[in-house]
Amino acid sequence: MKILAIYPTHNANVGVFVDGKCEGIYHEEKFSNKKHHLGWPHRALKYISGIYSINEIDYITITSEQQYYYPDDRYIDDVIKEQSTYKGRLLEWAKNIYYRLWYVLGNYKIFGDVFKYYLHNIATPNAKKQMELTLEKEYGIKKEKIKYIEHHLGHALTTHYFYGLGQLKKDILYITMDGLGDDYFSRIYHYHSNEDNFEMIAQSPFSASLGLLYTEITRFLGMKPNEHEYKVMGLAAYVNNSKYYNHIYKMLEKYFWLDKNTLTFKSKVNTFISIQYLLRKILVGERFGTISAAVQKFIEDKVIEYIKTVIDKTGIKNVALSGGVFMNVKLNKKISEMEDIEKVYFQPSSGDDSSVIGCAAKIFRENNIELIPVKTMYLGHSYSNSEVGDFLERYEDKYCIDYFENSNDLYEKITDLLKNFEIVALHRGRGEWGARSLCNRTILGNASDLKTFHEVNDMIKMRDFWMPFAPTILFHWADRYIKNWDMLKNKIYDSSKYMILGFDSTELAQKHLRAAIHQKDKTLRPQILEEKDNPDIFNIFKLYEKKTDMGGMMNTSLNIHGYPLAGTLEQSFNTFINSGLKYIALENYLISKKT
Ligand SMILES: [Fe+2]
């Protein structure tokens, strides 16, 4: 059985699945070079149609039953342009009046009912019709083959499929939490292992969304919503004394709370509609770091209270978490330290784009096809050495290009450079899907001196002054770099490979990885590497270890500030030539700039 799973809108992508196996996940941004491309994945679908015969596809899945609009090929700039036209401004004006009334008159049910009627009965059918017409027109796909999968079940099944949790034969709590999807922002499922069945036991509406609260505070702080939430999290660590933010925290508590009886979040304001009115009322005049610290602590406390309550009620201590809220590595750190939890599984890169995995899982399960655990993020583009050689022919006069027949000779050269504090970019094997580099499209640096932090930032990354870099460390160094590793490792082992979790660092880590930890609270968010995960990259780290007696390096994604993580050969090479990078290894070719 062949399935194409489509996630449209923000960070659009397509997954290809055959007989229970995930064969590839391709993000639209790798083709358009627009970070988190918002749109229908036209280019990714076209690329896949060149590899697989679309006629042989059994099902197309699309994330979410409610489709509020058809994004076509719009980028965020187009959306802003549309909003600035006469018609767009009129529409915004009318919407604002309606939303303002809704807020001022006190969240009356009638406003919500009208809004939902519009979303369910007008917006969704229109959007679905356009998606179906597009698929029929461009690929001859009939409507009957298209399945819309419930948003939060998609998230839950993603973690289930990714880690192969069905094989554990244990009951598991699946908790999803994001901004919103299909009218809700969170759901809890009890997975009954003996019946292989997901029972939904609680759900919280998007009108009381903790994810939207965080996103709207990101917007309030002048950062990009749905993109810069990690910057708010990074900033929060700079205000570590609660006396500075307690008053904001207490105000948030008045508006948002957990009803422990129903396991449902409630709020006095609608987070989808009127939260900005509230934020302007309570946060104007407050310092940016203080606001960040308050919302970060608030989210951590509420989510932990939620998880603890559901564990107490069900007695199930194995927990799997997914949805955009769990991209917050500081929150995940706190969850991993919870004594109530026996094992926890965080979906790597748990935004909506990962839901393609869960959507495919739903169809495979309905057809009794066994799920082969995905367990890898290396599912993007790949190139042979001869393809790289052909690509580089036109650049021979401009750059120094060395080819290494034997990979070990390349590893020697790269690790010599890194030992001597040169920064080296790598493009090797299949590209990563999701938000993070796991060393196949990466910039590596010797992290033992803070100068690496500044060099990488100046030559390419241009990060905000408070944002940290992260390391990749060898598994057998984890106990030397991570505090309480012995206590944590069994609980979080599976999730430790994807930079999805924060940890407290040891003094040795603060020395060896000085440039790749958070500069204020000294936490680190590592990829913990074992040979079985990526033998090629493991060899580089082992050789670096031999030469430096250190077990990790800075690993930051191969991209120029504001552009996507590279996936294609063109993206990797363009990142090299348009930045201050001096070295890049494209498979077994090492390219350097002429001095
Ligand atoms: Fe979601």
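Tutor: Residues are numbered from 1 along each chain as its sequence is written, and side-chain values use heavy atoms, with hydrogens and water left out. Since the model is predicted, local features need pLDDT of at least 70 and side-chain atom pairs count only at pLDDT 80 or more, while totals for chains, interfaces and linings use all residues.

Student: Why are α11 and α12 called oblique to each other?

Tutor: Helix α11 covers residues 288-314 and helix α12 covers residues 329-336, and they pack at an angle of about 40° with their axes 10 Å apart. Helices here are DSSP runs of H or I with at least four residues, and strands are runs of E with at least two, numbered from the N terminus. The axes are lines fitted to C-alpha atoms, for helices over the stretch in contact, and angles run from 0 to 180 degrees between N-to-C directions. Angles under 35 degrees count as roughly parallel, over 145 as roughly antiparallel, 65 to 115 as roughly perpendicular and the rest as oblique. An angle of about 40° therefore makes α11 and α12 oblique.

Student: Which residues of α11 and α12 make the contact, and what classes do they belong to?

Tutor: From α11 come Gln296, Ile299, Glu300, Val303, Ile304 and Ile307, and from α12 come Lys330, Leu331, Lys334 and Ile335, where contact means heavy atoms within 4.5 Å. By class there are six nonpolar, one polar and three charged residues; Ala, Val, Leu, Ile, Met, Phe, Trp, Tyr, Cys and Pro count as nonpolar, Asp, Glu, Lys and Arg as charged, and the others, Gly among them, as polar.

Student: How do α2 and α5 pack, and which residues meet there?

Tutor: Helix α2 and helix α5 (residues 109-139) pack at an angle of about 35°, with their axes 12 Å apart. In α2 the residues are His42, Leu45, Lys46 and Ser49, and they meet Thr134, Leu135, Glu138 and Tyr139 in α5. This contact has three nonpolar, three polar and two charged residues.

Student: What makes the pair Glu56 and Lys2 a salt bridge?

Tutor: A salt bridge is a side-chain nitrogen of Lys or Arg within 4 Å of a carboxyl oxygen of Asp or Glu. The side chains of Glu56 and Lys2 meet at 3.5 Å, N to O, and this value is within the 4 Å limit. Glu56 lies in the loop between α2 (42-49) and β4 (59-63) and Lys2 in strand β1 (residues 2-7), so the pair ties together parts that are 54 residues apart in sequence.

Student: Why is Glu56 called partly exposed?

Tutor: Buried means under 20% relative accessible area, exposed means over 50%, and partly exposed is in between, with a 1.4 Å probe and protein chains only. Glu56 has a relative accessible area of 47% and is therefore partly exposed, and Lys2, at 24%, is partly exposed too.

Student: Where do Glu92 and Lys95 lie?

Tutor: Both lie in helix α4 (residues 86-104), three residues apart, which is about one turn of the helix. A search of the whole structure finds 28 salt bridges.

Student: How do you know that Arg428 and Asp536 link distant parts of the chain?

Tutor: Arg428 is in the loop between β14 (424-427) and β15 (441-445), whereas Asp536 is in helix α20 (residues 535-548), 108 residues apart. The closest N and O atoms of their salt bridge are 2.6 Å apart. Arg428 has a relative accessible area of 4% and is therefore buried.

Student: What do Ser349 and Asn368 show in their phi angles, and are they buried or exposed?

Tutor: Ser349 has a positive phi of about 50° although it is not a glycine, and Asn368 has a positive phi of about 55° although it is not a glycine either. Ser349 is found in the loop between β12 (343-346) and α13 (355-366), and its relative accessible area of 5% makes it buried. Asn368 is found in the loop between α13 and α14 (385-392), and at 73% relative accessibility it counts as exposed.

Student: Why is Gly20 called buried?

Tutor: Gly20 has 0% relative accessibility and therefore counts as buried. Gly20 is found in the loop between β2 (13-18) and β3 (21-27), and not counting residues up to four places away in sequence, it touches Tyr161, Phe364, Ile369, Glu370, Leu371 and Ile372.
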